[in-house]
Amino acid sequence: MRASRALMVTAAACAAVALSAPLAGATNGPRNITVNPFSVHQGGTLHITVDGCGHGGTVTSNAFPRAQLSVNSSGHSEARARIHNHATPGDYNLSVKCSDNSRIATHRFRVVAGQGSEGGLGGSIGPSSTEMAVGAGLVASAAVGGTVFIARRRRTSNTLV
């Protein structure tokens, strides 16, 4: 009876190891791909995050040049890809391939027409030479006008006294 019990325990352990091996192999390679934003303008930047690529990899698509995945401190791989300015608006697929695995995973995203807004530049762009000349002219006009006003006011107040 003891031999049969030991044989059953050994068989169960072997079965557990044999059944868990495919699951362990299935977690290797790219998974949980996310893109932000899903809809990106022509010339815009797409932020891609991937799980399962512990040693980096590459991201490819017809909408942007090949991008390299880099591993961050949290263990996720990420890449930034700049969409071509001339990319045709519509749905595209991107392909992710890890450096240490031959498995390829895909994810969909959308390219929309237009260049998008260039907000957030307030104060970061200096004035042009034309703007400087116009500003200098306005300051000079104000100085001359102020001087004339003060000079005329003094003359009229001196004659009354």
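Colleague: Hi! Let's start with C53: buried or exposed?

Modeller: C53 is buried, at a relative accessible area of 0%. Buried here means under 20% relative accessible area, exposed means over 50%, and partly exposed is in between, using a 1.4 Å probe on protein chains only. This is a predicted model, in which local features need pLDDT of at least 70 and side-chain atom pairs count only at pLDDT 80 or more, while totals for chains, interfaces and linings use all residues. Residues are numbered from 1 along each chain as its sequence is written, and side-chain values use heavy atoms, with hydrogens and water left out.

Colleague: Thanks. Which residue does a disulfide join to C53?

Modeller: C98 is joined to C53, with an S to S distance of 1.7 Å. The cut-off for a disulfide is a pair of cysteine sulfur atoms within 2.5 Å. The two cysteines sit in distant parts of the chain, 45 residues apart: C53 is in the loop between β3 and β4 (57-60), and C98 is in strand β7 (residues 90-98). Strands here are DSSP runs of E with at least two residues, and helices are runs of H or I with at least four, numbered from the N terminus.

Colleague: And what's the handedness of the link of C53 and C98?

Modeller: Left-handed, with -65 degrees about the S-S bond. C98 is buried as well, with a relative accessible area of 1%.

Colleague: How many disulfides does the structure hold?

Modeller: The structure holds 1 disulfide.

Colleague: OK, on to the sheet. What's the order of the strands?

Modeller: The order is β1-β3-β6-β5-β4-β7-β8-β2, an open sheet of 8 strands with mixed pairing. Two strands count as paired if DSSP finds at least two bridges between them.

Colleague: Which strand does β2 pair with?

Modeller: β2 pairs with strand β8 (residues 104-112) in the parallel sense, over 3 bridges. S39 stands opposite R110 of β8.

Colleague: Now β3. Why is it largely enclosed by the rest of the structure?

Modeller: Because 5 of the 7 residues of strand β3 (residues 45-51) are buried. Strand β1 (residues 31-36) pairs with β3 in the antiparallel sense over 4 bridges, and R31 has D51 in β3 as its bridge partner. Strand β6 (residues 77-82) also runs antiparallel to β3, joined by 6 bridges, and T45 stands opposite R82 there.

Colleague: Last topic. How many aromatic pairs does the structure hold?

Modeller: The structure holds 2 aromatic pairs. F64 and F109 form a tilted pair, 6.0 Å centre to centre with 35 degrees between the planes. Rings of Phe, Tyr and Trp (its six-membered ring) pair if their centres lie within 6.5 Å; planes under 30 degrees apart are stacked, over 60 edge-to-face and the rest tilted. Both F64 and F109 are buried. Y92 and F109 form a stacked pair, at 5.9 Å centre to centre and 20 degrees between the planes. Y92 lies in strand β7 and F109 in strand β8, so this pair ties together parts 17 residues apart in sequence.

Colleague: And which residues form one aromatic cluster?

Modeller: F64, Y92 and F109 form one cluster.
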